[in-house]
Amino acid sequence: MARHFSPYPRFIPLLGLVLSLFGLSSGAIADAPAATYSFTILEMPGATSTQPTSINNSGQVVGSYIYNPSSLLSHGFVYSNGTFTTLAVPGATSTYPTSINNSGQVVGAYSDSFTYHGFVYSNGTFTTIDPPGATETIPTSINDGGQVVGYYEVGSHFHGFVYSNGTFMTLDPPGATHTVAQSINNHGQVAGYYGEGSRSYGFVYSNGTFTTLDPPGAIDSGASSVNYSGSVAGVYSDGSPSRGFVYSNGTFATFASPSNIFEGIQGVTSINAGGQVTGYYLYSSVDFRSYGFVYSNSTFTTIDPPGATHTIASSINDSGQVTGHYRDGSGTHGFIATPMVTDIPTLSQWALLLGGLLLGGIAWRTLIGRTPALRR
């Protein structure tokens, strides 16, 4: 039987290798995606100050605004699809929304000239929430199930709380002299901080158990946000400029700001389902110039609207949109920063691409070199 002769014995495997390398170079994940942001300025018509506090996954934003800077009386707002809606608790002198969930329910505090009370706003209705015996109540977060956390004052002590289905539960880690609950996820896990003696500690509360969160070497720490998977973000100090941390599966990952030689990270405010963290850092203690930031996959990105002289990033949703406020020469304005991500080829991608081009040239020369002989 005659043996079949292939005219391309070396060309075929070379071509396969070339195509594989091109596929790897185009499909590889970039080591450090470059994120830039487009800014939407939020300014309640006629307001002298607009300060967003929270953004949900639909891009709805809540916060407060001031018309008369001399009186400092605030009204709340919801911003949705380009429209502002005022939130003012009936009879209140000021209203301060703090959090919005993915159903559009809002929590916050209001003042009646004497003290602060908590509220939940749902389907056009305000409901006051005050734990029994509280002299002051500040709700801080609401999850998609309508569970609310925050803190309340009795005498001179603060206590954390969870409000669910009309019932209050006090949250106080053992030995705490004061407790502030900052965030609750959809599983009912709560993050916050508590005081014991002269210092503060972060904590996460899950299924009836408190876990203290204190990065190695910390002399003060506090947790501020917990995401869907239970990862907790916060800030700590070890005597040097303050740093941020993410606690996940029993492990701390810490990060510093670009200005770590000065004041460092002043606030870690929010972590989303993808583990992206937002907050703000202080560049210098001389002018107190602050910048917002997003920390993601070991990459630190500054968030600073054009013309800003001071920026605070308050909340990040699962799409990576950030809301907060900034100051410039004309006042205080809110913003939404929407990421525009462009992958930059990595060194490994360039190496694969160039290797593919080189082998492509060898394969082509192999094919051309064999063609005359085959024609004879």
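In the predicted model, R199 touches Y194, D214, A218, I219, D220 and S221, leaving aside residues up to four places away in sequence. Two of these contacts can be described in further detail. The side chains of R199 and D214 are joined by a polar contact of 2.7 Å, and the side chain of R199 also reaches the backbone oxygen of I219, at 3.3 Å. R199 has a relative accessible area of 17% and is therefore classed as buried, the cut-off being under 20%.

R199 is found in strand 16, which covers residues 199-206. This strand belongs to an open sheet of 4 strands, arranged in the order 14-15-16-17 with antiparallel pairing. Strand 14 (178-184) and strand 17 stand at the edges of the sheet; each has a single partner strand, so one side of each is left without a neighbour in the sheet. On average, neighbouring strands of this sheet are turned by 30 degrees against each other, direction ignored.

Strand 16 pairs with strand 15 (residues 190-196) through 7 bridges, and the two run antiparallel. Within this pairing, A191 stands opposite V204 of strand 16. On the other pairing, 5 bridges join strand 16 to strand 17 (residues 209-213), again in an antiparallel arrangement. Here S206 stands opposite T209 of strand 17. Strand 16 and strand 17 form a hairpin, with 2 residues between them. In the turn of this hairpin, N207 has a positive phi of about 55 degrees.

Note on methods. Residues are numbered from 1 along each chain as its sequence is written. This is a predicted model: local features need pLDDT of at least 70, side-chain atom pairs count only at pLDDT 80 or more; totals for chains, interfaces and linings use all residues. Side-chain values use heavy atoms; hydrogens and water are left out. Two strands pair if DSSP finds at least two bridges between them. Buried means under 20% relative accessible area, exposed over 50%, partly exposed in between (1.4 Å probe, protein chains only). A polar contact is a pair of N or O atoms within 3.5 Å; within protein, one must be able to donate a hydrogen and the other to accept it, and residues adjacent in sequence count only if both atoms are side-chain atoms. Contact means heavy atoms within 4.5 Å. Axes are lines fitted to C-alpha atoms, for helices over the stretch in contact, and angles run from 0 to 180 degrees between N-to-C directions.
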